[in-house]
There are 2 protein chains.
Amino acid sequence: MREMVVVGAAETKFGRSESSYRELAVEAGRKAMADAGIDAGRVESLVLGSFSPGTFINQEHVAPLVASELGLDHVPSTRTENACASGATAVMTGLMQIAAGMHDVVLVVGVEKMTSTPIGEATSILAEAADWESEAKAGLTFPGVYALMARAYMHQYGKDRSMLDAVAVKAHGNGVGNPYAQFQKAITVEDVRGSMMIADPLNLYDCSPISDGAAAIVLTAKDVADQFARPGIPFLGFGQASDALALHERDNITSIPAAQIASQRAYKMAGIGPDDISIAEVHDCFTIAEIVATEDLGFFEPGTGGDAAISGKTGRDGTIPINPSGGLKAKGHPVGASGVGQIVESVFQLRGEAEGRQVDGVNYALTHNVGGSGATCVVTILGRGE
Amino acid sequence: MREMVVVGAAETKFGRSESSYRELAVEAGRKAMADAGIDAGRVESLVLGSFSPGTFINQEHVAPLVASELGLDHVPSTRTENACASGATAVMTGLMQIAAGMHDVVLVVGVEKMTSTPIGEATSILAEAADWESEAKAGLTFPGVYALMARAYMHQYGKDRSMLDAVAVKAHGNGVGNPYAQFQKAITVEDVRGSMMIADPLNLYDCSPISDGAAAIVLTAKDVADQFARPGIPFLGFGQASDALALHERDNITSIPAAQIASQRAYKMAGIGPDDISIAEVHDCFTIAEIVATEDLGFFEPGTGGDAAISGKTGRDGTIPINPSGGLKAKGHPVGASGVGQIVESVFQLRGEAEGRQVDGVNYALTHNVGGSGATCVVTILGRGE
C-alpha cells in the first residue's frame, strides 16, 4: 500500500458561530489548501464527513455543495456518515482513494452546524445515532446512554465521580491554551460538582457541548509529497471497527470492543504499541468516555483509567497526555468535524506548531473517534515524518 | 490498480414493503452473500449507501446497524450519502477499499425505507438533495426542478411531450418482465397523458415512485475471485463527478456536465466508447432525465434523445436498450438502493440470468446514477468476464 501523508491541516474555531454550514466548510477547506500551498485546481477528490445536515439544516447532498463552493472543478465528491465518527470515516475513505492510486490529492473536510437548532431538538437529532427502535424511541438520549456506562463502571470497579471531575478539570485547563477551542476558561472540581445534573451521574460539565465548526486536511501519497509547501506527516497506522448500536446487545458496557479492535489494527499496522504513543486525542464526548478510551487503547489496565486521570498521568505533563487540545469536552464537538479536528491537532503537535498547548517531544500521535456509544471506532496513528 | 469484480448480486422487490429498513438491508445482503457462496465471516468490510434515514426513519449511523444485523463481526462499516447517487457512491467507496489492497471482500448494500413517511413529507425530504438556500426553501422540489429542465429542453430543441410519453410507456413495458419491479403493468400513451399533472409538463407517469427496497453486491478482486461460487463480473471502468447543486449555477440545464464527465472517465478507463455498450441502466427519476442521460452518455447527439426514444431505439429490441429492468420509473426508486440495483441488474444481464427481460448478446453494461439534478454522477461499465 502507498504511504499516505498529511500536507495541509486547518480548522475553524469551534463553538457557536455566525457562519453557515457551507461557510464553515469553505473556511476550513481553503485554509488547509493554503497550508499545503495548493489551489483548488490541484484537488482531485473531496470527501466530506458530516453527521446529520439533513436534520440540522435541511440540507443533504452536502459533498458536491461544498466541492462547488470551494471551486473544485467537477471532482468526485463523497459524504460519509458514521455518527460522531463521520469525520475520521471520511479520512479513512480519502486514504483508500490515495492508496488505490485513484487520486494523488484528496481534500477531507469534516463539518457540522448544530447551534441553529434548539438544544432539545439537537439532542433528539443526536439520539438518531443510537438504536432508534430499542433506545432513542423510548427516550434514551446520549447523556443517558453514557450515564449507564458510567454507573456500570463505578459499580464494577468501586469508583466514585472524582475520576469524572479530574477529566473535566483537565479538559478545560487544556482548552485555555487552544485558540480553536469553544471553552478557553479553566474550571474547578467545585464547578463540575455544582453544575446542573444532566443524567445521573453526569453533570453539565461532564458533557461535551453543542458546537459549530469545521476541520480539513489535504491528503497525498509520500511518493508525491515533495510537491507541497509543508513536509508530509505520515499515517503510520489506522484501523476501523464496528459493533451493534444498542448497549443491550453488548457483552459489557464498561469497555468498547470496537475501540479495542480498531486500535489493535492501527498498532499492528504501525508496528508500535501504546507505550510508544506521545499524545492521544480521544473521543471524550462525556468524561466517562475518556476514561474508558484510555483503557481500550491500552494506556491503562481496565478499571485503572479513572485513577490515572486523578493522579495526573493524562495531563499535559503526564506520562501520556490525553487531549492536549481540550478534547471534545472543551475544544467542542461539531460532530462531523471532531474526528478530522483530532488529526489537525495531531499534525500541529507533530510539527511543533501547537503553540500554548504544545507537548514536548511528540513522536507519535494517536486519534480515537467514536460513533454513538461505540458502534463505530476509527483509530489513526501519525508520526513525525522525516 | 487491482481488477475488481462482482461475485454476488441480489435485491429485494422494490415497492411498498411491510419490511423495515434493517430487514430490507439484511434480506438483500444475505441473498448477495448466498449468491457468492460465502457466509458473513468472509466479509471484511461493509459499505452502505443510503440517502436520508435520519429523516425517513429517525435512524442515522446505519452502517454498523446493518453490519451487526447481518452478523458481520466488527468489520469496518461506512455509510455514504450523495442524494439519489448514494448507492453508486457506496460501490465506488467499496471498489477503492479493494483496489487499495485494504480488503479482499467488501459487501455493498444500498437501502431506503420511504413509504412509511407521508408523501408530502417524503417530497420535502427529497428536496434536501437540492440547494436548500436557493431552491428547496422557496418550494422548488424535484418534480419542479426536472420540469424546468424539460421545459428548457422542449424550448431549445422544439420538441413536445411525445418523447416523454415514449419513455414512460417503454419503462412500464419493461417492468412487466421484472419480478423485482414496483410496477409490472404496461401502460399506454393515453394513460400517461391522462395522469395527474405534477409539475408542468411532467405528469404522474413522468415521475419515478416513492419506494422501499434494498440491493447488494459482493465485491472482490480478480486475483482472489476463484474462491467464490459465481464467476466474477468485472468493473472495466468507472467515473464519478460533481457539480453545483443549484440549477441556476449551471451554464445550461438541458445536459448534465457531471454525467458527461463521469462517463468520459469510465469510457477512458474501460478503453471503449458508447457504441460498444450493449445495455444501459440510467437514472430516469423523471422521463426527461432518461432522454438527457442518453445524450450525456454519448448514445445520441444533443437534442435527438427524445426522437430516439419515440423511434424505439432505446427499447429492449432497439439499437441501445435503455433500462431493460424498467428503470427507476417502473422498477422503483428506493433512493439509496437504486444505484446498487442498476449494477445488480447489469450483473444479471451479463450472466444471462435476467429471465423475462434478458437482452440478447450483452457484452458491456453501463450504469448511470445521478444525485439531485446532476450535482453528483457515477458511471460504471461492467463486462462479461471470462
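Two residues are taken to be in contact if their C-beta atoms, placed from the backbone, lie within 7 Å. Helices (H or I, at least four residues) and strands (E, at least two) are DSSP runs, numbered from the N terminus. The structure is a predicted model, in which local features need pLDDT of at least 70 and side-chain atom pairs count only at pLDDT 80 or more, while totals for chains, interfaces and linings use all residues. Residues are numbered from 1 along each chain as its sequence is written, and chains are lettered from A and ligands numbered from 1 in the order in which they are written.

**Helix α4 of chain B**

In α4(B), B:Ser86, B:Gly87, B:Ala88, B:Ala90 and B:Val91 meet B:Val335, B:Gly336, B:Ala337, B:Ser338, B:Gly339, B:Val340 and B:Ile343 of α13(B). By class, this contact of α4(B) with α13(B) holds seven nonpolar, five polar and no charged residues, where Ala, Val, Leu, Ile, Met, Phe, Trp, Tyr, Cys and Pro count as nonpolar, Asp, Glu, Lys and Arg as charged, and the others, Gly among them, as polar. The axes of α4(B) and of helix α13 (residues 335-351) of chain B come within 5 Å and cross at roughly 60°; axes here are lines fitted to C-alpha atoms, for helices over the stretch in contact, and angles run from 0 to 180 degrees between N-to-C directions. The two helices, α4(B) and α13(B), are therefore oblique to each other, given that angles under 35 degrees count as roughly parallel, over 145 as roughly antiparallel, 65 to 115 as roughly perpendicular and the rest as oblique.

Helix α4 (residues 86-99) of chain B has 14 residues and reaches 20 Å from its first C-alpha to its last, close to the 20 Å expected at 1.5 Å a residue, the expected span being 1.5 Å times one less than the number of residues. In α4(B), 14 of the 14 residues are buried, a residue being buried if 20 or more other C-beta atoms lie within 10 Å of its own, exposed if 12 or fewer, and partly exposed in between. Just after α4(B), B:Gly101 takes a positive phi of about 80°.

**The contact between the chains**

The contact takes 51 residues from chain A and 51 residues from chain B. On the side of chain A that touches chain B, α2 (53-56), α3 (62-69), β3 (77-81), α4 (86-99), β8 (233-242) and α9 (257-270) each supply at least two residues, and by class that side has 24 nonpolar, 21 polar and six charged residues.

Strands also pair across the two chains: β3(A) and strand β3 (residues 77-81) of chain B do so in the antiparallel sense over three bridges, two strands being paired if DSSP finds at least two bridges between them. The bridge partner of A:Glu81 in β3(B) is B:Arg79, and A:Arg79 stands opposite B:Glu81. Both faces of β3(B) are covered, with B:Ser77, B:Arg79 and B:Glu81 buried on one side and B:Thr78 and B:Thr80 on the other.

**Strand pairings in chain B**

| Strands | Sense and bridges | A bridge pair |
|---|---|---|
| β2(B) (residues 45-49) and β3(B) | parallel, four bridges | B:Gly49 and B:Thr80 |
| β1(B) (residues 4-11) and β7(B) | antiparallel, seven bridges | B:Glu11 and B:Ala215 |
| β4(B) (residues 105-112) and β7(B) | antiparallel, eight bridges | B:Glu112 and B:Gly213 |

Nine of the nine residues of strand β7 (residues 213-221) of chain B are buried, so β7(B) is largely enclosed by the rest of the structure.

**Helix α7 of chain A**

Helix α7 (residues 162-175) of chain A has 14 residues and reaches 20 Å from its first C-alpha to its last. Twelve of the 14 residues of α7(A) are buried, so this helix is largely enclosed by the rest of the structure. Its buried residues pack against α8 (189-194), α10 (287-296), α11 (305-310) and α12 (327-331) of chain A.

**Backbone features in loops**

A cis peptide bond joins A:Asp200 and A:Pro201, with omega about 10°, and A:Pro201 lies in the loop between β5 (197-199) and β6 (202-203) of chain A. In chain B, the peptide bond from B:Asp200 to B:Pro201 is cis, with omega near 15°.

A:His74, in the loop between α3 and β3 of chain A, has a phi near 55°, a positive value in a residue other than glycine, and counts as buried with 20 C-beta neighbours inside 10 Å. B:Asn58 has a phi near 60° and, with 16 C-beta neighbours inside 10 Å, counts as partly exposed.
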